[in-house]
Amino acid sequence: MSTPFRVAGHGRVDRSATLAFTFDGTAYTGHPGDTLASALLANGVHRVATGITYGRPRGIVAAGVEEPNALVQIEAPFPEPMLTATTVELYDGLVARGLGGRGRLAATPDPARYDAKHLHAELLVVGAGPAGLAAALTAAGTGARVVLLDSAPECGGSLLGTREHIDGRPAQEWVDAATRRLTAAPNVTLLTRTTAFGHYDDHLVLALEKRTDHLGAAAPRHLARQRVWRIRARQVVHATGATERPVAFDDNDRPGIMLASAARTYLHRYGVLVGRRATVFTTNDSAYDAALDLADAGVEVAAVVDARPTVPERLSRACAERGIPVHAGHVVTGTSGVDRVSRVHIAERDGRGARRHGVDCDVLLVSGGWNPAVALFSQARGTLRHDAGLATFVPGGPLAAVRTAGAADGLRTLGACLADGIAAATAALTALDIAVAPVPVPAADTELPHPALELWRVPSPRDGVDGAAQFVDLQRDALVSDVFRATGAGLRSVEHVKRYTTVGTAHDQGRTSGILASGIVAEALGTDVADLGTTSFRPPVQPVAFAAFAGRDRGDLFDPVRVTALHAWHQEHGALFEDIGQWKRPWYYPLPGETMDDAVRRECRAARTGVAMMDGSTLGKISVQGPDAGCFLDRLYTNVMSTLKPGRIRYGVLCGVDGMVLDDGTVLRVSDGEFLLTTTTGNAAKVLEWMEEWLQTEWPELRVHLTSVTEHWATIPLVGPRSRDVLAAVTDGLDVTADAFPFMSRRDTVIAGVEARVCRISFSGELAYEVNVPSWYATSVWQALYDAGRPLGITPYGTETMHVLRAEKAYPIIGQDTDGTVTPQDLGMSWVVSRKKKDFVGRRSFGRAENLRADRKQLVALLPVDGHTLLPEGAQIIATETIPAPPVPMLGHVTSSYRSAALERTFALALLRSGSERVGETLYVPLDGRTVAVTVAEPVLYDKEGARRDG
Amino acid sequence: MTADSSLRPVRTSPLAGWDPALPPGLSAREVPFRTQLTLRAAPGGAVARAVAEYLGHPLPGPCTAHLDTEVEVLWLGPDEWLLVAAPDRAAELTAGLRAAIGDAFGSVTDTSAQRTVLALAGDLLPDVLAHGCALDLGPAGAPAGTCHTTLLAQAGVTLVVREAGPRQAWLFVRSSFAGYLAAWLADACVEYGAG
């Protein structure tokens with residue numbers, strides 16, 4: 001297979017090997033070292049995509065990340081959308097197609113691994129072009145930790161695509177020597193194929209390394225395909241280079257119209273001629289390098305169109321030597337062509353399009369000047385200033401820890417860039433008090449180019465709307481006329497124009513279009529672009545796949561799975577698990593053939609009539625110690641804790657300063673100076689932090705220490721009328737009678753040889769104990785209780801049964817039956833709010849008129865009249881049997897809903913407006929297009945007298 | 001109340017049986033059942049001095065640990081330390097420390113089962129840790145005895161550098177997170193040819 005545009009004697013691709021690939025259904029070949037774009041161009045393919053709005057044919061514009069047009073979809077080996085053909089390294093078996101702006105994600109999970117890694121350094125150098133390499137070499141000699149990144153597969157930056165000399169030798173020799181030295185230096189981390197995509201606070205720079213993308217199907221499965229590097233360096237040098245920008249003119253979007261530097265890069269780096277007959281349109285000297293190099297490589301350069309009134313003598317002579325016609329003071333006014341540019345129309349710049357004539361060609365190479373790549377520097381809060389000589393924006397000056405170097409600094413010669421890289425690294429390290437030995441600047445070209453002309457666009461010679469065929473942002477299909485429409489609508493800020501026109505919002509972040517848009521806005525408004533400025537630069541500077549951000553936090557590692565010490569036992573006994581925050585808690589333990597309803601009914605019955613046990617280890621537990629512990633708890637809980645006697649327990653409610661319920665739990669007084677309190681599972685960390693905050697910021701005078709012991713203690717509720725028998729069976733000498741071991745007290749004992757704290761606490765209304773042991777012993781003690789209870793049919797139960805049991809007793813679950821707008825009074829728990837205490841957190845709010853309204857939402861029970869409908873949690877409550885026309889007045893909502901074995905019916909808890917007053921009323925819950933009649937009841941439905949507590 | 005000596009209670013550590021396939025260059029094992037006591041006391045105050053005298057060495061300052069003594073001490077916060085010793089010494093040490101503290105304001109809490117310990121070692125350790133820990137653990141900034149309470153991946157850990165590099169480190173992790181952390185470590189090693 002021939003690749004007709006590959007030229008001998010140029011390029012860094014490995015021609016000894018051939019890679020087969022498919023693009024838009026056609027088979028082609030390329031070589032290692034090619035990008036998809038260079039391989040396509042080598043095959044003479046320019047048209048690769050279609051404009052998203054107007055459907056016009058589009059080609060390859062650039063040779064790097066700035067590519068605005070050539071978006072491709074990779075189909076094989078694994079689908080990946082929205083990549084630029086200019087950055088996809090070619091590999092064997094690649095299947096891709098051009099995109100009209102929208103790609104597709106794979107329908108199957110990505111089998112590749114992605115990861116992240118942290119990296120620390122004294123100096124980070126972004127960009128391994130001449131300035132970056134010089135900076136890194138300077139720093140490498142000091143022994144300081146240096147990180148050097150570059151997006152490309154190899155170092156060299158612009159030197160890979162030009163024909164310059166350093167120290168009298170081809171620049172590539174210097175690049176190779178520098179790369180070897182940096183690779184060998186133990187203090188240098190050199191990362192190629194790595195793009196810094198964001199510069200964040202405190203000089204955290206994130207970079208994406210594409211580690212195995214270029215290997216295609218041959219990528220080793222165990223290696224992360226892409227890696228997000230999280231780099232913290234004390235000093236950062238952005239040697240990010242510069243991006244050539246185009247000029248807008250009529251029909252400037254045809255395939256074959258490219259940046260002049262790109263054509264030069266395709267020649268020198270890839271050995272590819274972008275066409276046979278080229279026209280060059282420029283506002284500055286740099287495009288002449290492309291014209292001359294291409295001419296020397298055999299391309300017929302039909303014309304150089306220079307918008308400047310005079311052409312520098314050196315350049316015009318070089319063109320004349322090669323027979324290249326130069327048209328000074330001329331501009332390109334438009335193009336012709338079908339799938340590719342075939343003719344360029346040129347005219348005198350000040351001639352208003354008169355004496356227009358055509359030049360036949362198959363490529364048009366454009367240079368409107370160079371924009372330093374300042375996105376990362378700008379993200380670091382570096383300021384920009386307009387440089388009239390360069391006709392662009394350049395860094396205003398270094399920050400304390402962030403600098404720019406080389407072309408990113410606005411420098412235009414290789415010699416200056418090398419010197420700037422050395423100076424930037426020296427300044428950065430000197431700021432860290434790291435001594436830097438003077439480094440000689442390699443000898444290279446320092447002859448300054450002639451001044452560029454600031455030219456953003458060429459007015460349309462055609463009749464009709466000006467700029468209606470002039471593209472500013474090729475990817476967004478945004479036109480010069482769109483920019484004019486924005487300014488015509490009164491927009492004055494480039495930020496507003498950006499959002500109105502979408503210029504600069506595509507994958508390329510406006511690298512080629514952003515400053516162009518600023519210039520055109522300035523023209524429209526008759527202002528100076530210097531005053532207008534640029535739009536903000538935001539991370540990521542280049543698209544990053546979500547898979548890369550997710551890294552290894554997927555599947556089982558997506559979120560930590562927390563398990564209790566008893567988890568293995570639960571698994572072995574068939575438990576299904578419920579996610580409670582990060583915890584896996586047993587939900588229910590179905591026996592073979594049982595449904596969830598069956599299992600929960602059986603578990604509930606065991607707890608109400610026999611004996612049952614559950615794993616309550618996830619309860620938050622905080623040890624509160626110190627002489628002022630009682631006083632501290634009195635200030636936080638709504639009731640009094642300081643009067644508790646050692647060995648006694650009290651239920652307590654915590655409210656926020658707004659008087660709304662924050663959490664609840666039990667408080668055990670261990671000794672005079674020590675309390676152990678429990679929190680709900682989900683609030684354990686929050687309550688501890690909240691308590692510490694009060695202690696540290698409001699009441700530092702209190703002598704109290706808080707220590708989390710949540711995971712030290714495993715907690716096993718032993719529940720049911722026969723629980724006493726089980727406890728008696730596993731303990732020796734513990735008097736378990738109700739008088740000797742009363743409700744809300746604690747006894748220490750030994751179970752299975754383990755010292756255990758047993759508390760008589762009930763969250764079900766039944767006689768119940770909570771057995772607490774250090775979590776190492778949880779399984780032994782659980783098994784001992786289980787074995788002792790087997791003759792009594794002891795039944796392990798999960799969170800669902802726990803919920804049913806507590807709901808039958810109207811014990812609220814904070815966060816389920818409450819939502820941050822519910823007071824203890826709303827829950828029917830006025831009894832837990834002390835009237836004696838002078839103050840506690842939340843107390844003031846209880847006196848507010850709003851808190852005293854009778855029509856607050858209050859906790860009630862709802863009994864479906866039919867006895868069997870299970871109301872969905874979250875269902876709304878209305879007053880009428882038929883649903884009235886909207887807006888429908890909502891009286892409240894269902895917070896908890898279950899089937900009750902004990903009540904032999906379904907029931908629910910709800911927050912209901914004026915709920916207490918409505919007890920006995922019939923209300924309605926809309927459900928599936930009908931309404932369900934429900935009777936409002938006092939919330940406690942089971943054992944209202946509390947007779948079952950003592951067994 | 002004492003345990004019946006005729007019954008030897010069976011205990012199980014959070015990572016009992018953990019035997020991951022690790023690449024050459026990394027070893028990992030659980031150090032179970034360490035005695036761990038949380039000390040809260042004002043830094044430099046009477047309690048800190050009394051505890052230091054009882055232990056025979058001063059309490060370590062910020063981000064450091066006092067290692068290689070009978071009771072190792074980890075700095076957890078401005079007024080918080082973790083005292084770590086061989087298994088089954090909680091009762092004796094708690095009593096001794098409380099006696100040393102006397103009536104002064106300081107607290108000692110048995111938190112032995114709150115966390116377990118992963119001992120990691122090898123040349124790969126810096127790389128593996130760098131996948132999940134944001135801190136600079138290079139030898140210059142983190143010599144032996146460095147102690148940070150931080151995140152490793154999504155698990156809170158107290159990381160103690162026992163040999164600079166770090167070539168050896170102990171991770172103290174909440175018991176409930178131990179399984180996650182172990183799984184994360186094993187997965188981190190896939191990159192380096194584990195399994």
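Let me begin with helix 4 of chain B, which is mostly covered, since eight of its eleven residues are buried. This is a predicted model, in which local features need pLDDT of at least 70 and side-chain atom pairs count only at pLDDT 80 or more, while totals for chains, interfaces and linings use all residues. Residues are numbered from 1 along each chain as its sequence is written, and chains are lettered from A and ligands numbered from 1 in the order in which they are written.

A word on terms: a residue is buried if 20 or more other C-beta atoms lie within 10 Å of its own, exposed if 12 or fewer, and partly exposed in between, with the C-beta atoms placed from the backbone. Helices (H or I, at least four residues) and strands (E, at least two) are DSSP runs, numbered from the N terminus.

The buried residues of this helix are B:Ala178, B:Gly179, B:Tyr180, B:Leu181, B:Ala182, B:Trp184, B:Leu185 and B:Ala188. What do the buried residues of helix 4 of chain B pack against? Their partners in chain B are strand 1 (27–31), strand 7 (115–121), helix 3 (125–130), strand 8 (147–152), strand 9 (155–163) and strand 10 (168–174), where contact means that the C-beta atoms of two residues, placed from the backbone, lie within 7 Å.

One residue to look at here is B:Arg40, which lies in strand 2 of chain B. Is B:Arg40 buried or exposed? It counts as buried, because it has 22 C-beta neighbours inside 10 Å. Leaving aside neighbours within four places in sequence, B:Arg40 is in contact with A:His705 and A:Thr707 from chain A, and with B:Asp79, B:Glu80, B:Gly106 and B:Ser107 from chain B. The C-alpha atoms of B:Arg40 and B:Trp81 are separated by 6.6 Å, although the two residues are 41 apart along the chain.

The axes of helix 9 (residues 480–488) and helix 11 (residues 514–525) of chain A come within 10 Å and cross at roughly 50 degrees; axes are lines fitted to C-alpha atoms, for helices over the stretch in contact, and angles run from 0 to 180 degrees between N-to-C directions. Helix 9 and helix 11 of chain A are therefore oblique to each other, given that angles under 35 degrees count as roughly parallel, over 145 as roughly antiparallel, 65 to 115 as roughly perpendicular and the rest as oblique. From helix 9 of chain A, A:Val480, A:Val483, A:Phe484 and A:Thr487 meet A:Ala517, A:Ile520, A:Val521, A:Ala524 and A:Leu525 in helix 11 of chain A, and the residues of this contact divide into eight nonpolar, one polar and no charged.

In the loop between helix 10 (494–501) and helix 11 of chain A sits A:Thr502, whose phi is near 70 degrees, a positive value in a residue other than glycine. A:Thr502 counts as partly exposed, because it has 18 C-beta neighbours inside 10 Å. A:Asp251, in the loop between strand 16 (242–244) and strand 17 (257–259) of chain A, has a phi near 55 degrees, again positive in a residue other than glycine, but A:Asp251 counts as buried, with 21 C-beta neighbours inside 10 Å.

I will finish with a hairpin. Strand 26 (residues 384–387) and strand 27 (residues 392–395) of chain A pair in the antiparallel sense over four bridges, where pairing requires that DSSP finds at least two bridges between the strands. A:Asp387 stands opposite A:Thr392 in strand 27 of chain A, and in the turn of this hairpin, which has four residues between its strands, A:Ala391 has a positive phi of about 55 degrees.

Note on methods. Ala, Val, Leu, Ile, Met, Phe, Trp, Tyr, Cys and Pro count as nonpolar, Asp, Glu, Lys and Arg as charged, and the others, Gly among them, as polar.
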